[in-house]
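Please keep the sequence and the structure in view while reading.

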Amino acid sequence: MDADIVIIGSGMGGATLAAALAPTGRRIVILERGQHLRASRLDRDAAAIFGEGVFRPDEAWLDGRDQPFSPGNYYNVGGNSKFYGAALIRYRSSDFGAVKHPGGSTPGWPISYGDLEADYQAAEEMYQVRGCEPDRVYRRA
Ligand SMILES: Cc1cc2nc3c(=O)[nH]c(=O)nc-3n(C[C@H](O)[C@H](O)[C@H](O)COP(=O)(O)OP(=O)(O)OC[C@H]3O[C@@H](n4cnc5c(N)ncnc54)[C@H](O)[C@@H]3O)c2cc1C
């Protein structure tokens with residue numbers, strides 16, 4: 001199969017990228033390692049999904065002390081967006097700077113909120129959601 005652009009992974013990132021590039025007319029292929037989720041009585045059952053982890057892959061990662069844990073990643077068409085909480089909020093300006101948390105600190109991003117604002121706006125219009133950056137005024141999507 002010929003393609004101009006190959007995107008690996010059909011999650012929120014890959015699918016959003018494909019949607020943004022589609023109007024260019026380029027031939028886009030998305031490679032996805034997982035299968036389509038099949039409709040079942042469990043796919044709307046929060047206890048089964050989050051309590052029993054029936055859709056979680058049987059894999060273990062190692063933490064900083066070499067102890068295994070389940071990372072809670074899902075490998076299927078749509079990626080983690082098939083199970084996520086559907087709250088699409090923007091980071092605040094202050095989130096891009098150095099932040100001290102009780103459990104440690106983050107050094108800050110090499111880009112600012114302003115660098116991403118137009119992309120946040122475009123994404124919110126595509127997903128038909130509104131963000132929550134308190135010091136900004138939003139255009140209606
Ligand atoms: C339970 C839960 C609730 C969440 N709630 C929220 C929320 O409310 N709001 C929010 O903003 N975020 C939320 N998140 C986080 C959000 O879902 C993720 O940050 C987001 O979906 C990540 O998108 P992604 O495209 O980067 O990765 P993913 O969605 O993980 O997609 C990656 C895709 O790539 C595929 N893949 C991986 N390796 C390969 C390979 N080698 N070849 C081919 N395909 C491959 C995977 O199968 C997967 O489909 C939540 C996550 C979880 C698990």
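**A guided reading of the predicted model**

Asp 4 counts as partly exposed, because its relative accessibility is 42%, a value between the limits of 20% for buried and 50% for exposed. The side chain of Asp 4 meets that of Arg 27 in a salt bridge, with 3.1 Å from N to O. Arg 27 lies in the loop between helix 1 and strand 2, whereas Asp 4 belongs to the segment before strand 1, so the pair ties together parts that are 23 residues apart in sequence. Arg 27 is likewise partly exposed, because its relative accessibility is 44%.

How many salt bridges does the model contain? The count comes to two. Besides the pair already described, the side chains of Glu 124 and Arg 90 meet in a salt bridge at 2.8 Å, N to O. This pair links distant parts of the chain, since Glu 124 sits in helix 3 and Arg 90 in the loop between strand 4 (68–69) and strand 5 (99–101), 34 residues apart. Both Glu 124 and Arg 90 are buried.

The protein chain has three helices and six strands. Read from the N terminus, these elements follow the order β-α-β-α-β-β-β-β-α. The C-alpha trace spans about 50 × 40 × 30 Å along its principal axes. The radius of gyration of the protein chain is 18 Å, while a compact globule of 141 residues would have one near 14 Å. Of the 141 residues in the chain, 18% are buried. The accessible surface comes to about 10,400 Å², and carbon and sulfur atoms account for 53% of this area. Among contacts with a separation of 6 or more, 39% are between residues 24 or more positions apart.

Val 6, Ile 8 and Leu 31 make a nonpolar surface patch of about 320 Å². Arg 44 lies in the loop between strand 2 and helix 2 (46–51). Arg 44 counts as exposed because its relative accessibility is 77%. The C-alpha atoms of Arg 44 and Phe 96 are separated by 35 Å, and the two residues are 52 residues apart along the chain.

Strand 6 (residues 104–106) includes Thr 106. Thr 106 counts as partly exposed, because its relative accessibility is 34%. Its contacts, leaving aside neighbours within four places in sequence, are with Gly 97, Ala 98, Val 99 and His 101. Thr 106 and Gly 13 are 93 residues apart in sequence, and their C-alpha atoms are 23 Å apart in space.

Asp 66 is a residue other than glycine with a positive phi, near 60 degrees. Asp 66 has its place in the loop between strand 3 (61–62) and strand 4. Asp 66 counts as exposed because its relative accessibility is 56%. Gln 128 is not a glycine either, yet its phi is positive, at about 55 degrees. Gln 128 is found in the segment after helix 3. Gln 128 is exposed, because its relative accessible area is 69%.

How values were computed: Residues are numbered from 1 along each chain as its sequence is written. This is a predicted model: local features need pLDDT of at least 70, side-chain atom pairs count only at pLDDT 80 or more; totals for chains, interfaces and linings use all residues. Side-chain values use heavy atoms; hydrogens and water are left out. Patches are made of residues with over 30% relative accessible area and no salt bridge: like charges are joined within 9 Å, nonpolar side chains (Val, Leu, Ile, Met, Phe, Trp, Tyr) within 5 Å. Accessible areas come from the Shrake-Rupley method with a 1.4 Å probe; for residues, only the protein chains shown count as cover. A salt bridge is a side-chain nitrogen of Lys or Arg within 4 Å of a carboxyl oxygen of Asp or Glu. Helices (H or I, at least four residues) and strands (E, at least two) are DSSP runs, numbered from the N terminus. Buried means under 20% relative accessible area, exposed over 50%, partly exposed in between (1.4 Å probe, protein chains only). Contact means heavy atoms within 4.5 Å. The radius of gyration is taken over C-alpha atoms; the globule rule is 2.2 Å times the number of residues to the power 0.38.
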